[in-house]
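The points move from sheets to the loops and rings beside them, and then to helices.

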Amino acid sequence: MKKIALIGSTGSIGRQTIEVVKEHPEEFEIVAMAAGSSWERFQSQLWQIKPRYAALADSSAAEKITSLPAETHFCGGEEAALAVASFEQADIVLVAAGGFAGLKYSLAAINAGKALALANKETLVCGGDMVMPLAKKQGTPILPVDSEHSAIWQCLGCDLNTPFSRLIITASGGAFRSLDAAQLENVTPQMALKHPTWNMGAKITIDSATLLNKGFEVIEAHHLYSADYGKITAVLHPQSIVHSMVEFADGATIAQLSYPTMKLPIQLALSYPDRLPLFGTALDFDKIFSLDFAPLEREKFPCFDIAVNCGREGGTLPCAMNAAGEVAVRAFLKERIKFTHIARVIEQVIASQTRERVESYAQLEEVDRRARFSAEKCVSALS
């Protein structure tokens, strides 16, 4: 039985991880878990899971936890939550915390020698220059949970070192793939949150609509698979059936297909090298369906090129770009700026930054802080 430490249990990925564990009680056990501030949902989860150790990063929210299973030792505060990532009895740490905050959990898990099931994009977008060398030094496997990177991993035979010619990442196109540039000026948060094929958290849903998310995935692929940016392509695929493809030297292209569900990559990361049954994911080839592909409309969605260009520049710029994106998306969701202003905020912040070589987590924290401050100023000017 694999023992799991779950970071970010109250979010979309965290909740689906709990579902996977409950469907295979003979295979998995969650022994430790952490979340941010959603104390009511977390308290309910504690009674479902009864982990040995649990923590809420928000100390004030932790004080509202009044009911605990006898088996669970509970603490509050960031250090207590960080301890989940290195919990001694855990075999594998699944990091599903959102945003830049997820990076410190990933680093803690790797330093503790734990297998890392990675669902936090920012770990590699912001800290890939640190994370990959550290994982190699520690001999710690990184198991991708992101659906596109799980697909690439599967196409490579679950071996990050398999040679390839090109990685082809698919994009649903988000909620606004059929709108023209003028129509994008008037979209609302409510419109943007209605993703056509996936059920995700608010931040990643907006990033999908701007294609910033797809730019993040290109940066992740660069780090995970040691891929030159020239060997990574993103294409529009509205059905979200093909989750990514890999082209090999002889021209053969292998794709991973399934109905859109995050439970499949979550379960595979936990069960690897085995595959377990998962109801509802098998495609029905007795029915007619089509698979369409098209180039991304990059002029209409500038966030994609902004992210990829930051990735090419490297250093601390992707970290600054991510921080600006988090601030801009939050401002859009609060209706302080327009949808089209998200790209403008990110561009302005990047222009104000000086690229530095990544040296430490503390350095990235400072880059993140400065970029957020700059982004808030941009948002205020646009408001």
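1. The helix pair α14 and α16. The structure discussed here is a predicted model. In it, α14 passes α16 in a right-handed crossing. The axes of α14 and helix α16, which spans residues 361–382, come within 8 Å and cross at roughly 40°.

2. The residues between α14 and α16. From α14, the contact includes Cys-319, Ala-320, Glu-326 and Arg-330. From α16, it includes Leu-364, Asp-368, Arg-372 and Glu-376. Sorted by class, the contact of α14 with α16 holds 11 nonpolar residues, 5 charged residues and no polar ones.

3. The helix pair α14 and α15. Helix α14 covers residues 317–333 and helix α15 covers residues 341–351; they pack at an angle of about 145°, and their axes are 8 Å apart. Here too the crossing is described as right-handed, with α14 passing α15. Leu-317, Met-321, Gly-325 and Phe-332 are among the residues that α14 brings to this contact, and Ile-342, Val-345 and Ile-350 are among those from α15. By class, the contact of α14 with α15 has 12 nonpolar residues, 1 polar residue and no charged residues.

4. The sheet of 7 strands. This open sheet has the order β4-β3-β2-β1-β5-β6-β7, and its pairing is parallel. At its edges stand β4 (73–76) and β7 (142–144); each has a single partner strand, so one side of each is left without a neighbour in the sheet. Neighbouring strands of this sheet are turned against each other by 20° on average, direction ignored. As one example of the pairing, strand β1 (residues 2–7) and strand β2 (residues 28–35) pair in the parallel sense over 6 bridges. Within this pair, Ile-4 stands opposite Ile-30 in β2.

5. Strand β9 (residues 232–236) and β12 run antiparallel and are joined by 2 bridges. Val-235 has Pro-295 in β12 as its bridge partner.

6. How many aromatic pairs does a search of the whole structure find? The search finds 6. A pair of aromatic rings is described by the distance of the centres and the angle of the planes. Trp-153 and Tyr-272 form a tilted pair, with 4.9 Å centre to centre and 55° between the planes. This pair links distant parts of the chain: Trp-153 belongs to helix α7, whereas Tyr-272 lies in the loop between α12 (263–271) and β12, 119 residues apart.

7. Backbone details in two loops. The peptide bond from Tyr-272 to Pro-273 is cis, with omega near 15°. Pro-273 lies in the loop between α12 and β12. In the loop between α7 and β8 lies Cys-158. Phi of Cys-158 is near 60°, a positive value in a residue other than glycine.

Note on methods. Residues numbered from 1 in each chain as written. Predicted model: local features only at pLDDT ≥ 70, side-chain atom pairs only at ≥ 80, totals over all residues. Heavy atoms only, no water. Axes fitted to C-alpha atoms, helices over the stretch in contact; angles between N-to-C directions. Helix = DSSP H or I, 4+ residues; strand = E, 2+ residues; numbered from the N terminus. Left-handed = near helix turned anticlockwise from the far one by under 90°. Contact = heavy atoms within 4.5 Å. Nonpolar A, V, L, I, M, F, W, Y, C, P; charged D, E, K, R; others polar. Pairing = 2+ DSSP bridges. Phe/Tyr/Trp six-rings, centres within 6.5 Å; stacked < 30°, edge-to-face > 60°.
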